[in-house]
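Welcome! Take a look at the model below, then work through the exercises one step at a time.

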Amino acid sequence: MRVLLVEDEKGISSAICQVLKKENFTVDAVYTGTDGLDYALAEIYDAIVLDVMLPEMDGFQVLKKLREQGVRTPVCMLTARSGLEDRVRGLESGADYYLPKPFQMAELIACLRAITRRKEDKPVMELAFGDIQLNQQEAKLICVTTGQSVKLGTKEFQLMEIFLRNPRQILPKETLFDRVWGYESDAEYSTLEVYMSFVRKKLSFVGSKMKIRASRGIGYSLEEEA
């Protein structure tokens, strides 16, 4: 399960990340409401843990904008505010669970499993653009015109998922790197170029007319071949 953690207190964020990773969650941590919104809009997460008191944009604003954009990713809100009015506001804004601080890590884990259970029970949807589909259950890239398919590695899958959710848009290198390798990764940016090469080869292998184009000094976009 992949989780986005939006929490500005880095000590708390680090503690939550350590516990979730021990429970085999993949966690991306960001520290401002603006970054939280940007990451969440990619719709690559199974759940979002969202603090209320955040710099730049508070959690209520982030959640409201997500729901207005049609993002239905389950959200667990964290806050030091335990009053009824705040809990009601969070739930009415579209939160799936409201967890007051301080909380036990076991309760957070139970919350995440609960709010994602309904989503996991639904049929897996396939992302598609042009002549390609991404089967999320089997992590396969499929060309609908040739019938060919190929298995994707974890990073390849994450890159293709982002591209298919943002077709024809130039995605900055920094954005792609942070969303796939994580905000605090020690990997080099050249790693992104290597994986772009892998993804291009697999698009070619299945016979797709879709191409990943590089815009020098800016980023990459998924487009149909002219």
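**Exercise 1.** Which side chains meet in a salt bridge at 3.5 Å, N to O?

*Solution.* Start with the ground rules: this is a predicted model, where local features need pLDDT of at least 70, side-chain atom pairs count only at pLDDT 80 or more, and totals for chains, interfaces and linings use all residues. Residues are numbered from 1 along each chain as its sequence is written, and side-chain values use heavy atoms, leaving out hydrogens and water.

Next, the term: a salt bridge is a side-chain nitrogen of Lys or Arg within 4 Å of a carboxyl oxygen of Asp or Glu. The pair is Glu161 and Arg165. Both sit in helix H6, 4 residues apart, about one turn of the helix. Helices here are DSSP runs (H or I, at least four residues), numbered from the N terminus.

**Exercise 2.** Decide whether Glu161 and Arg165 are buried or partly exposed.

*Solution.* Buried means under 20% relative accessible area, exposed over 50%, and partly exposed in between (1.4 Å probe, protein chains only). Glu161 has 7%, so Glu161 is buried. Arg165 has 26%, so Arg165 is partly exposed.

**Exercise 3.** How many of the 12 residues of H6 are buried?

*Solution.* H6 covers residues 154–165. Of its 12 residues, 9 are buried, among them Glu156 and Phe157.

**Exercise 4.** Find the salt-bridge partner of Glu156.

*Solution.* The partner is Lys202, with the closest N and O atoms 2.7 Å apart. Glu156 lies in H6 and Lys202 in helix H8 (residues 190–205), so the pair ties together parts 46 residues apart in sequence.

Note on methods:
Helices (H or I, at least four residues) and strands (E, at least two) are DSSP runs, numbered from the N terminus. The expected span of a helix is 1.5 Å times one less than its number of residues.
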